Amino acid sequence: MIYVVATLTIKPETRADMIAAAKACIAETRKEAGNIAYDLHESVTDPTKLVFVEQWENAEALVPHRKAEHMKAFGRVVVNCLAGPPKIEVITPANVEVR
């Protein structure tokens, strides 16, 4: 099992668009083979911080996820919302990789 934690800093004026796109993406991602959980958390102290917490059966399940049409559509929205580069952490029992 692996976890992916993606922390995004967004432009304040894009918050509504970002959350709407995220909800659509989350609904489709939860249907994917190998997905156990896929949730969005909003900071209560910083409205520009959003954190995705994902749980997958294995790393192989991420390959089709990254290529899925709903991820491509989400990416087209995200690119206009980010205020800086995202922080992606891939957590396995043996390692924590930060990208």
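A search of the whole structure, which is a predicted model, finds zero disulfides, a disulfide being a pair of cysteine sulfur atoms within 2.5 Å. In general terms, a disulfide is a covalent bond between the sulfur atoms of two cysteines. The sulfur of Cys 25 lies 13 Å from the closest cysteine sulfur, that of Cys 81, which is too far for a bond. Cys 81, for its part, is in no disulfide. Cys 25 is buried, with a relative accessible area of 3%, and Cys 81 also counts as buried, at 2% relative accessibility. Here buried means under 20% relative accessible area, exposed means over 50%, and partly exposed lies in between, with a 1.4 Å probe and protein chains only.

Residues are numbered from 1 along each chain as its sequence is written. Because the model is predicted, local features need pLDDT of at least 70 and side-chain atom pairs count only at pLDDT 80 or more, while totals for chains, interfaces and linings use all residues; side-chain values use heavy atoms, with hydrogens and water left out.

## The sheet

Five strands form an open sheet in the order β2-β3-β1-β4-β5, with antiparallel pairing. Helices (H or I, at least four residues) and strands (E, at least two) are DSSP runs numbered from the N terminus, and two strands pair if DSSP finds at least two bridges between them. The edge strands are β2 (35-42) and β5 (96-98), each of which pairs on one side only. On average, neighbouring strands of this sheet are turned by 15° against each other, direction ignored. Axes are lines fitted to C-alpha atoms, for helices over the stretch in contact, and angles run from 0 to 180 degrees between N-to-C directions.

| Strands | Bridges | Residues opposite each other |
| β1 and β4 | five | Ala 6 and Ile 88 |
| β4 and β5 | three | Glu 89 and Val 98 |

Strand β4 covers residues 87-91. Strand β1 also holds Thr 7, which counts as partly exposed at 22% relative accessibility. Not counting residues up to four places away in sequence, Thr 7 touches Leu 50, Val 51, Pro 86 and Lys 87; contact means heavy atoms within 4.5 Å. Thr 7 and Glu 89 are 82 residues apart in sequence, and their C-alpha atoms are 8.5 Å apart in space.

## Helix α1

Helix α1 (residues 15-29) packs on the sheet and touches β1 (2-9), β2 and β3 (49-56). The direction of α1 makes about 165° with that of β2. With 15 residues, α1 reaches 20 Å from its first C-alpha to its last, close to the 21 Å expected at 1.5 Å a residue. The expected span of a helix is 1.5 Å times one less than its number of residues.

The buried residues of α1 are Met 18, Ile 19, Ala 21, Ala 22, Cys 25, Ile 26 and Thr 29. Seen down the axis of α1, these buried residues fall within an arc of 165°, so they line one face of the helix. The arc is that of the directions from the helix axis to the C-beta atoms. An α-helix has 3.6 residues a turn, so residues three or four places apart point the same way. On the other side of α1, Ala 16, Asp 17 and Lys 23 are exposed. The cover over the buried residues of α1 includes β1, β2, β3, α2 (62-67) and α3 (69-81).

Ala 21, in helix α1, is buried with a relative accessible area of 16%. Leaving aside neighbours within four places in sequence, Ala 21 is in contact with Phe 74 and Val 77. The C-alpha atoms of Ala 21 and Phe 74 are separated by 5.9 Å, although the two residues are 53 residues apart along the chain.

## Helix α3

Helix α3 has 13 residues and reaches 19 Å from its first C-alpha to its last, close to the expected 18 Å at 1.5 Å a residue. Buried in α3 are His 70, Met 71, Phe 74, Val 78 and Cys 81. These buried residues pack against β1, α1, β2, β3 and α2.

His 70 is found in α3 and counts as buried at 18% relative accessibility. Apart from residues up to four places away in sequence, His 70 touches Cys 25, Glu 28, Thr 29, Glu 32 and His 65.
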